Amino acid sequence: MAAFSDVRDDGLAGLQHNFITGQLESMVQWSRSRSSWPATFGLACCAIEMMATGGSHYDLARLGMEVFRASPRQADVMIVAGRVSQKMAPVLRQIYDQMMEPKWVISMGVCASSGGMFNNYAIVQGVDQIVPVDVYAPGCPPGPETLLHAIETLHTQIETGQLLRRRDATGQGAGIVVEQRDGQGQPQFVTLGRQ
C-alpha cells in the first residue's frame, strides 16, 4: 500500500497501480483529453484558419474545445497560429508559463514551426525554441481540417499518457508532425482536353 505522503505529493503517480487505480488513471486521461481548453495565440494568417475551425461548420464543441480562453490560467492547450517575432517571444513564454498544468502546445503553420519564408533576424525560426511543441500542423496556412487532425492527434497522445511521461523525462514536447488534410499538399495539375 502506498504511503499517504506519496499520494499527497505525487497524486495518482504515487499510487501503486492495481485494477482500481489503473482504471482511475485511464478515466482521468480520457476526461483530460476530452476537455482541453485552448488559449488562442493567433499572430498572422493562420489565426483566420483557427477562427474558422472554431466556427459552426467544423464544430470544435464535439471535441470539448468550444470556448477559446482569454485567460491563460483557464487554458491547457496553446495553439500558436502564425509567425512569432522576437518581440512577441517573451510574451508567448509568459502566457505558456501562466497556463495550468498539464499543458500542451500545437504549432500551426509553417511560420510558427520553422519561421517559414521569413528567414530573418526579426522572426523566431521555430516556436519550439521558446515552448515545447507537441504537435506540428503543416501548411501555409493549414486549413481547419489539418488543425482538427492535429487536435485529434494531440487528444490521442493525451489519452495514452505518453506526452506527460516524455515531458517528465526530457522536458521536450512530442514533436509529432501530422499530415496535411485540407488539399494544400503537393500541387496537382489538371489537363483540360478538347471536347
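Student: Which residue forms a salt bridge with Glu-101?
Tutor: The model is predicted, so local features need pLDDT of at least 70 and side-chain atom pairs count only at pLDDT 80 or more, while totals for chains, interfaces and linings use all residues. Residues are numbered from 1 along each chain as its sequence is written, and side-chain values use heavy atoms, with hydrogens and water left out. A salt bridge is taken as a side-chain nitrogen of Lys or Arg within 4 Å of a carboxyl oxygen of Asp or Glu. The closest N and O atoms lie 3.5 Å apart, and the partner of Glu-101 is Lys-103.

Student: Does Lys-103 count as buried or exposed?
Tutor: Burial is judged by relative accessible area (buried under 20%, exposed over 50%, partly exposed in between, with a 1.4 Å probe and protein chains only). Glu-101, at 59% relative accessibility, counts as exposed. Lys-103, in contrast, has 6% relative accessibility and therefore counts as buried.

Student: What is omega near for the peptide bond from Glu-101 to Pro-102?
Tutor: Pro-102 sits in the loop between α4 and β3 (104–108), where helices (H or I, at least four residues) and strands (E, at least two) are DSSP runs numbered from the N terminus. Most peptide bonds are trans. The bond from Glu-101 to Pro-102 is cis, with omega near -15°.

Student: Which residue forms a salt bridge with Asp-97?
Tutor: The count of salt bridges comes to two. With the closest N and O atoms 3.1 Å apart, the partner of Asp-97 is Arg-93.

Student: How many disulfides are counted?
Tutor: A disulfide is a covalent bond between the sulfur atoms of two cysteines, and the criterion applied is a pair of cysteine sulfur atoms within 2.5 Å. For Cys-46, which is buried at a relative accessible area of 4%, the closest cysteine sulfur belongs to Cys-45 at 5.0 Å, too far for a bond. For Cys-140, which is partly exposed at 48%, the closest is that of Cys-111 at 5.5 Å, again too far for a bond. The disulfide count is zero.

Student: How far apart in space are Cys-111 and Pro-141, C-alpha to C-alpha?
Tutor: Cys-111 lies in helix α5 (residues 110–114) and is buried, with a relative accessible area of 9%. Leaving out residues up to four places away in sequence, Cys-111 touches Gly-82, Arg-83, Gly-116, Phe-118 and Val-124, where contact means heavy atoms within 4.5 Å. Pro-141 is placed in the loop between β4 (135–137) and α6, and a cis peptide bond with omega about -20° joins Cys-140 to Pro-141. Cys-111 and Pro-141 are 30 residues apart in sequence, and the C-alpha to C-alpha separation in space is 8.7 Å.

Student: At roughly what angle do the axes of helix α6 and helix α7 cross?
Tutor: Axes are lines fitted to C-alpha atoms, for helices over the stretch in contact, and angles run from 0 to 180 degrees between N-to-C directions. Leu-154, Gln-157, Ile-158 and Thr-160 in α6 meet Gln-162, Leu-163 and Arg-165 in α7. The axes of α6 (residues 144–160) and α7 (residues 162–170) come within 5 Å and cross at roughly 75°. That makes α6, in relation to α7, roughly perpendicular (65 to 115 degrees, against under 35 for roughly parallel, over 145 for roughly antiparallel and oblique for the rest).

Student: Which residues does His-155 touch, not counting residues up to four places away in sequence?
Tutor: His-155 lies in helix α6. At 7% relative accessibility, His-155 counts as buried. With residues up to four places away in sequence left out, those touched by His-155 are Ser-33, Ser-36, Leu-63 and Met-65.

Student: What is phi of Asp-59 near?
Tutor: Asp-59 lies in the loop between α3 (46–53) and β2 (77–81) and counts as partly exposed at 35% relative accessibility. Most residues other than glycine have a negative phi. Asp-59 is a residue other than glycine with a positive phi, near 55°.
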